[in-house]
Amino acid sequence: MNKPLRRLSVIVLLMFVALFASSTWISFVKAPELNADSRNTRTLYREFGTNRGALIVDGNEITTSVPIKSAFKYQREYSDGSLFAPVTGFYSIVYGRTGMEKAANEYLNGTSDSLWLNRLEHLITGADPQGSSVELTLNKKAQEAAYKALGDQRGAAVAIDPKTGAILALVSTPSFDPNLLAGHKSSEVIAAYKELSEDPSKPLVNRAIAGDTYPPGSVFKLITAAAALEDGMSADDIIDAPRQYELPGTSTKLNNFGGSACSATGKQSLADALRVSCNTAFAILGNELGEAKIAEQAEAFGFGEALQIPLGVTASRYPTGQNDAAVALSAIGQQDVRVTPLQVAMISAAIANDGQLMEPYLIEKVRTPDLAVVSETKPDTLSNPISKSTADQLTEMMIGVVERGTGVAAQISGVEVAGKSGTAETGNNKSQHAWFTAFAPANDPEIAVAVIVENGGNAGSEATGGSVAAPIARAIIQAVLNK
């Protein structure tokens with residue numbers, strides 16, 4: 001071979017190497033990025049050309065993929081769309097995926113690593129690829145009860161099985177109909193999304209777990225009380241409970257709700273302070289405990305941790321580096337303390353479960369199209385924020401709240417309910433938020449629940465947690481216990 005041919009051979013060889021390298025780079029390294037690119041129409045056709053698996057509640061499909069005469073082959077449909085929208089989210093050719101449609105996508109479209117055998121079977125048989133079904137932990141009766149009780153008010157409700165962490169209800173109102181965003185006429189979908197996104201009531205925000213977090217008000221007193229009990233105090237210990245309390249380092253007077261006195265003597269037991277939700281008592285207690293102990297207790301209950309259930313959950317927060325006046329206000333759930341309704345339900349769930357907080361979850365099982373189980377969630381402990389002794393004392397204190405305190409509207413005939421009300425100032429010249437959290441039956445809990453009604457709902461400035469949110473919590477508990 002002469003010299004020019006050798007040079008030409010080397011050049012051709014280098015060109016082949018470059019070609020192989022570039023094709024390998026595109027096929028293996030860049031493939032995930034290219035597949036995820038919203039401009040890649042092939043990905044869209046492949047996604048919507050697959051018979052997507054269903055989301056299932058109580059054995060019934062709440063989402064289905066319906067064959068249509070279109071290049072996309074299938075269209076997503078939602079039964080009881082508004083009821084389950086905070087959980088399902090939507091599946092749209094224009095706006096992609098949200099909610100469980102996004103979080104469980106690899107199961108629903110059949111691409112999860114755990115489904116490789118199923119994909120291999122489809123490849124060998126030539127059958128059309130099909131996604132797996134995802135069975136959710138939701139209890140439809142509880143979901144319906146929460147949705148109906150919240151009605152047209154802005155708010156949220158979460159219910160948990162305290163023994164396992166399974167989420168029984170997750171409701172956010174106002175809700176929306178995912179079917180409006182699942183259509184294949186882009187102009188209609190864009191118009192529907194624009195209307196929803198510009199709606200001042202924010203129906204696309206999942207108030208139960210994400211978006212704006214809330215001041216918890218007096219439901220946070222459960223954490224302050226837990227910190228006190230863990231520090232050696234008992235429920236019967238007598239603490240200061242004056243009509244007014246001058247916040248340290250200021251001339252600002254803190255009053256109890258309605259300017260009332262918590263007791264005739266200005267002193268009462270810790271249990272009674274929780275029963276009547278005494279602001280001054282818990283503010284003083286907060287200063288006595290100090291910021292560090294309350295922050296540590298809040299963190300043990302899950303504050304500061306962004307969970308995946310597998311929906312993303314905004315972390316609740318307890319501020320640190322505060323002055324004494326701010327510590328006092330934080331101890332009663334004001335100042336800069338912020339929570340999600342899920343976090344509040346987790347507090348009650350841990351108390352109900354002897355101090356053991358189970359990790360919350362939404363997926364019960366995943367099944368292939370031939371009904372074989374490929375994944376099943378096993379309950380797991382998230383933390384142990386309090387001792388059994390503290391949990392027992394808090395349970396008795398919360399029973400007192402419902403039997404003869406601020407939570408009497410949560411009473412259920414024949415069922416002992418443990419609960420705590422909260423009425424949180426918003427600081428924006430709007431009416432206060434109404435809270436209630438509870439669990440039942442108190443001696444063998446099957447459900448823990450948290451409810452928030454923004455700005456008092458229909459009751460407005462007249463609202464309290466005990467009058468507005470407690471009846472909603474009661475309705476959810478009754479649905480689960482069939483009472």
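Figure 1. E403 is partly exposed, with a relative accessible area of 44%, and R404 is exposed at 52%. Here buried means under 20% relative accessible area, exposed over 50%, and partly exposed in between (1.4 Å probe, protein chains only). The side chains of the two residues meet in a salt bridge at 3.7 Å, N to O; the term denotes a side-chain nitrogen of Lys or Arg within 4 Å of a carboxyl oxygen of Asp or Glu. By this rule the count comes to 15 salt bridges. This is a predicted model, in which local features need pLDDT of at least 70 and side-chain atom pairs count only at pLDDT 80 or more, while totals for chains, interfaces and linings use all residues. Residues are numbered from 1 along each chain as its sequence is written, and side-chain values use heavy atoms, with hydrogens and water left out.

**Figure 2. Helix α16 and its cover.** Helix α16 runs over residues 388-404, and its 17 residues should span 24 Å at 1.5 Å a residue, which agrees with the 24 Å between its end C-alpha atoms. The expected span is 1.5 Å times one less than the number of residues. Helices (H or I, at least four residues) and strands (E, at least two) are DSSP runs, numbered from the N terminus. Among the buried residues of α16 are T390, L394, M398 and V402. The cover over the buried residues includes helices α10, α11 and α15 together with strands β18 and β19, where contact means heavy atoms within 4.5 Å.

**Figure 3. The buried face of helix α9.** V189, A192 and L196 are buried in α9. Seen down the helix axis, these residues fall within an arc of 70 degrees, so they line one face of α9; the arc is that of the directions from the axis to the C-beta atoms. The face turned away from the buried side carries the exposed residues S187, E195 and E198. Strand β5 (91-92) is included in what covers the buried residues of α9.

**Figure 4. Surroundings of T340.** T340 lies in the loop between α14 (324-330) and α15. With 3% relative accessibility, T340 counts as buried. Leaving aside neighbours within four places in sequence, T340 is in contact with residues including A208, T213, V313 and W435.

**Figure 5. A325 beside P248.** A325 belongs to helix α14 and is buried, its relative accessible area being 9%. A325 and P248 stand 77 residues apart in sequence, yet their C-alpha atoms are 5.1 Å apart in space. Not counting residues up to four places away in sequence, A325 touches L247, P248 and T250.

**Figure 6. Salt bridge between K163 and D444.** The closest N and O atoms of K163 and D444 are 2.5 Å apart. This pair links distant parts of the chain, 281 residues apart: K163 is in the loop between β8 and β9, and D444 is in the loop between β19 and β20. K163 is partly exposed at 40% relative accessible area, and D444 is partly exposed at 41%.

Figure 7. E144 and K140 meet through their side chains at 3.9 Å, N to O. The two residues are 4 apart in α8 (residues 140-150), which means that about one helical turn separates E144 and K140. E144 is partly exposed at 36% relative accessibility, as is K140 at 26%.
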